Amino acid sequence: MTAPAPALQAERTVLAWRRTLPAVCLCLAALVRAALVHPHVAHVGAVAGVCVAAASVVAGAVARHRRYRRRAEDPRPLGLLIPAAVSLGVLATAGAALAALT
């Protein structure tokens, strides 16, 4: 069995970032709706966390798309800043959502 072409990996990564963005936006919409229906201080933190995650996913998607357009076979990762920001946003959202449940 032969290994896939390096350009295919970069294309799959770009597509994965594009699929992640609508999911994050859907979570943002659900949290904003929850904050409007059941106001709670923790919802502000949850919405802020999802906003950080959404902005980070947009930055990651744009960076991967630009790199893919310039040179498709470039396998370099994005670095640690964007995945760390996405993780921070998700953790802040989860923490605030758990605080809202109690």
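This is a predicted model: local features need pLDDT of at least 70, side-chain atom pairs count only at pLDDT 80 or more; totals for chains, interfaces and linings use all residues.
Val37 belongs to helix α1, which covers residues 6–37. Is Val37 buried, exposed or partly exposed? Its relative accessibility is 48%, so Val37 counts as partly exposed.

Now to the cysteines. A disulfide is a covalent bond between the sulfur atoms of two cysteines. How many disulfides are there in this model? The count comes to zero. Cys27 takes part in no disulfide, and its nearest cysteine sulfur, in Cys25, lies 9.3 Å away. For Cys51, the closest cysteine sulfur is also that of Cys25, and at 9.5 Å it is too far for a bond. The cut-off behind this reasoning is 2.5 Å between the two sulfur atoms.

Accessibility can be set out side by side:

| Residue | Relative accessibility | Class |
|---|---|---|
| Val37 | 48% | partly exposed |
| Cys27 | 44% | partly exposed |
| Cys51 | 37% | partly exposed |

Finally, let's turn to the annotation. An unreviewed UniProt entry places the feature "transmembrane region" at residues 44–65 and 77–101. What does the model show over residues 44–65? The chain there is 100% helix and 0% strand, with 31 Å between the C-alpha atoms at its ends.

Terms used: Residues are numbered from 1 along each chain as its sequence is written. Side-chain values use heavy atoms; hydrogens and water are left out. UniProt positions are given in the numbering used here, feature names are shortened, and annotations may be inferred rather than shown by experiment. Helices (H or I, at least four residues) and strands (E, at least two) are DSSP runs, numbered from the N terminus. Buried means under 20% relative accessible area, exposed over 50%, partly exposed in between (1.4 Å probe, protein chains only).
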